[in-house]
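The following explanation leads through the architecture of a predicted model.

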Protein chains: 2
Amino acid sequence: MTTSPEAVTAAILVIGDEILTGRTKDKNIGHIAETAGAAGIDIREVRVVPDEEPEIVAAVNALRARYTYVFSTGGIGPTHDDITADAMARAFGVTIDHDPRAVAILAAHYGEGQLTEGRLRMARIPAGADLVANPVSAAPGFRIGNVIVMAGVPTIMQRMLDNALQTLTGGAKTLTRTVSPGPGIGESMLAAALGAIAQANPAVSIGSYPSFGPAGFQTQLVIRGKEEAAVAAAEAEVAAMVERVKASMNKA
Amino acid sequence: MTTSPEAVTAAILVIGDEILTGRTKDKNIGHIAETAGAAGIDIREVRVVPDEEPEIVAAVNALRARYTYVFSTGGIGPTHDDITADAMARAFGVTIDHDPRAVAILAAHYGEGQLTEGRLRMARIPAGADLVANPVSAAPGFRIGNVIVMAGVPTIMQRMLDNALQTLTGGAKTLTRTVSPGPGIGESMLAAALGAIAQANPAVSIGSYPSFGPAGFQTQLVIRGKEEAAVAAAEAEVAAMVERVKASMNKA
């Protein structure tokens with residue numbers, strides 16, 4: 001993987017009726033976001049679309065024009081509802097056919113005489129695409145232009161992502177620090193002071209992420225940025241502010 | 001909740017940097033999809049966008065023009081990074097201010113003299129919106145036009161969703177049947193026959209959802225449709241096909 005001094009962005013495109021009906025709970029978005037982020041590729045948008053070619057084509061064309069990369073998941077299996085490869089060919093305006101490299105991989109995997117029509121369908125790859133290796137179950141993903149097309153099954157997607165990332169260019173990594181005020185300190189107690197710190201530190205972004213459990217509300221304050229000194233300075237300001245708020249509560 | 005004979009569609013708009021960085025794993029998409037689906041509201045698209053007003057405005061305007069409803073989650077707390085209410089006001093071209101109904105709810109919840117600047121921020125509601133009650137932590141969501149704006153914390157979002165659904169119109173519910181061929185039957189063995197059944201049964205959609213575990217691949221075949229007779233007929237065809245494939249495997 002090479003690195004670039006520019007910001008490198010990406011979108012995730014999840015393809016599948018099963019996510020939109022809630023039947024399958026997505027496990028790929030969070031994994032791709034973390035893994036790409038650690039490689040200096042910032043996820044800026046996610047879309048989930050149904051298994052319908054016009055929807056896939058419209059989404060991938062909108063996203064690939066806007067971000068450095070697009071990671072898609074789902075719809076590259078052997079059944080009639082797996083239409084991602086055809087939709088990608090349509091989106092890029094290229095032909096699609098059985099790819100000899102993919103056919104060879106599947107033939108070796110399944111053994112002689114076992115390359116059924118369904119299995120062969122997984123060798124359909126848009127013209128001009130590079131294959132992305134699948135060490136779990138052989139049938140490859142692919143990269144066409146700036147779009148990386150991966151399986152939906154998480155164990156397979158994760159290996160494809162690792163392989164694809166080797167070939168991509170990452171930017172400066174986002175540095176993250178977390179300040180945890182602890183139970184009993186809700187974010188509304190910190191909001192005004194935190195907003196002032198955020199305004200005074202434009203080189204970082206500061207988020208407040210509440211959770212609600214048996215002990216009531218608590219929040220985590222997350223400082224993100226590309227420059228170590230700026231992130232460290234903002235973290236110190238946030239930590240000092242939290243201590244001041246706690247001290248004033250003990251006094252009250 | 002009223003019902004309509006027309007198809008009722010919706011999108012989910014998840015707002016939050018924490019989802020895009022992978023720091024927080026979304027738990028709302030699957031819940032909304034299942035709950036809305038059970039109420040006859042079909043989720044057709046999901047988008048996740050960062051805590052940036054132009055991104056939120058563009059996404060909500062694209063989605064509200066296209067679907068019957070939009071369910072948004074996240075960004076309605078008390079801190080500086082909670083900008084959803086302001087973004088919704090911008091998207092709809094209306095003003096936003098402290099809403100007297102919301103102020104009264106928060107004043108009653110926190111008690112006299114406890115309505116800090118941060119807490120009061122949660123009473124900012126776009127003009128013309130209806131409130132959505134929050135029985136967990138008081139600060140309300142709201143509905144403006146066809147957009148239902150909810151918290152990001154799952155326990156709170158779930159109660160807001162239940163309350164909002166009471167006021168919406170649901171369509172015909174999608175009926176779902178699942179045929180599970182069991183371990184050892186991968187989807188490529190079923191693909192050709194399944195595709196033929198799908199083509200012969202245009203009133204239903206048929207999906208094949210593989211999973212990969214210690215026992216290798218298996219798949220679940222899911223038949224969905226709005227008409228009971230069509231769904232039952234397709235289910236019977238799929239089940240019979242699976243038995244034929246199993247019988248031919250035992251012979252081989």
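In this predicted model, B:F142 stands opposite B:V149 of β9(B). The two residues belong to a strand pair: β8 of chain B, residues 138–144, runs antiparallel to β9 of chain B, residues 147–150, and three bridges connect them. Strands of a sheet pair through backbone hydrogen bonds, in either the parallel or the antiparallel sense.

This pair is part of an open sheet of 12 strands with mixed pairing, whose order is β7(A)-β8(A)-β9(A)-β4(A)-β2(A)-β3(A)-β3(B)-β2(B)-β4(B)-β9(B)-β8(B)-β7(B).

In chain A, helix α4 (residues 84–92) touches β2 (8–15), β4 (69–73), β8 (138–144) and β9 (147–150), and its direction makes about 165° with that of β9(A). In chain B, helix α7 (residues 154–165) lies across β4 (69–73), β7, β8 and β9, running at about 130° to β7(B).

The strands β3(A) and β3 of chain B (residues 42–49) run antiparallel and are joined by three bridges. Within this pairing, A:R47 stands opposite B:R47.

Two packed helices are described by the angle between their axes and the distance between the axes. Helix α3 of chain A (residues 53–66) and α4(A) have axes that come within 9 Å and cross at roughly 55°. This angle makes α3(A) oblique to α4(A), and the crossing is right-handed. On the side of α3(A), the contact is made by A:E53, A:I56, A:V57, A:V60 and A:N61, while α4(A) supplies A:T84, A:D86, A:A87, A:M88, A:R90 and A:A91. By class, the contact of α3(A) with α4(A) comprises six nonpolar, two polar and three charged residues.

In chain B, α2 (residues 28–38) and α7(B) pack at an angle of about 20°, with their axes 11 Å apart. Angles under 35 degrees count as roughly parallel, and α2(B) and α7(B) are therefore roughly parallel to each other. The crossing of α2(B) and α7(B) is right-handed. Its contact residues are B:N28, B:H31, B:I32 and B:T35 from α2(B), together with B:P154, B:M157, B:Q158 and B:L161 from α7(B). They divide into four nonpolar, four polar and no charged residues.

In chain A, the axes of α2(A) and α7(A) come within 11 Å and cross at roughly 20°, which makes α2(A) roughly parallel to α7(A). This crossing is right-handed. A:N28, A:H31, A:I32 and A:T35 of α2(A) meet A:P154, A:M157, A:Q158 and A:L161 of α7(A). The class division of this contact is four nonpolar, four polar and no charged.

The domain assignment of chain A gives domain 1 (2–170) and domain 2 (175–251). The C-alpha centres of these two domains of chain A lie 38 Å apart.

Chain B also contributes to an open sheet of three strands, in the order β11-β13-β12, with antiparallel pairing. Its edges are β11 (175–179) and β12 (204–213) of chain B; each has a single partner strand, so one side of each is left without a neighbour in the sheet. The twist from one strand to the next averages 25°. Five bridges link β11(B) to β13 of chain B (residues 216–225) in the antiparallel sense, and B:T178 has B:V222 as its bridge partner in β13(B). Helix α8 of chain B (residues 187–200) lies across β12 and β13 of chain B at about 175° to β12(B). Helix α9 of chain B (residues 228–251) touches β11, β12 and β13 of chain B, and its direction makes about 5° with that of β11(B).

Finally, the contact between the chains takes 55 residues from chain A and 54 residues from chain B. Among the elements of chain A that give two or more residues to the side touching chain B are α2 (28–38), β3 (41–49), α8 (187–200) and β12 (204–213). This side of chain A has 23 nonpolar, 18 polar and 14 charged residues.

How values were computed. Residues are numbered from 1 along each chain as its sequence is written. Chains are lettered from A and ligands numbered from 1 in the order in which they are written. This is a predicted model: local features need pLDDT of at least 70, side-chain atom pairs count only at pLDDT 80 or more; totals for chains, interfaces and linings use all residues. Domain bounds come from an automatic or database domain assignment. Two strands pair if DSSP finds at least two bridges between them. Helices (H or I, at least four residues) and strands (E, at least two) are DSSP runs, numbered from the N terminus. Two residues are in contact if their C-beta atoms, placed from the backbone, lie within 7 Å. Axes are lines fitted to C-alpha atoms, for helices over the stretch in contact, and angles run from 0 to 180 degrees between N-to-C directions. Angles under 35 degrees count as roughly parallel, over 145 as roughly antiparallel, 65 to 115 as roughly perpendicular and the rest as oblique. A crossing is left-handed if the near helix is turned anticlockwise from the far one by less than a right angle, and right-handed if clockwise. Ala, Val, Leu, Ile, Met, Phe, Trp, Tyr, Cys and Pro count as nonpolar, Asp, Glu, Lys and Arg as charged, and the others, Gly among them, as polar.
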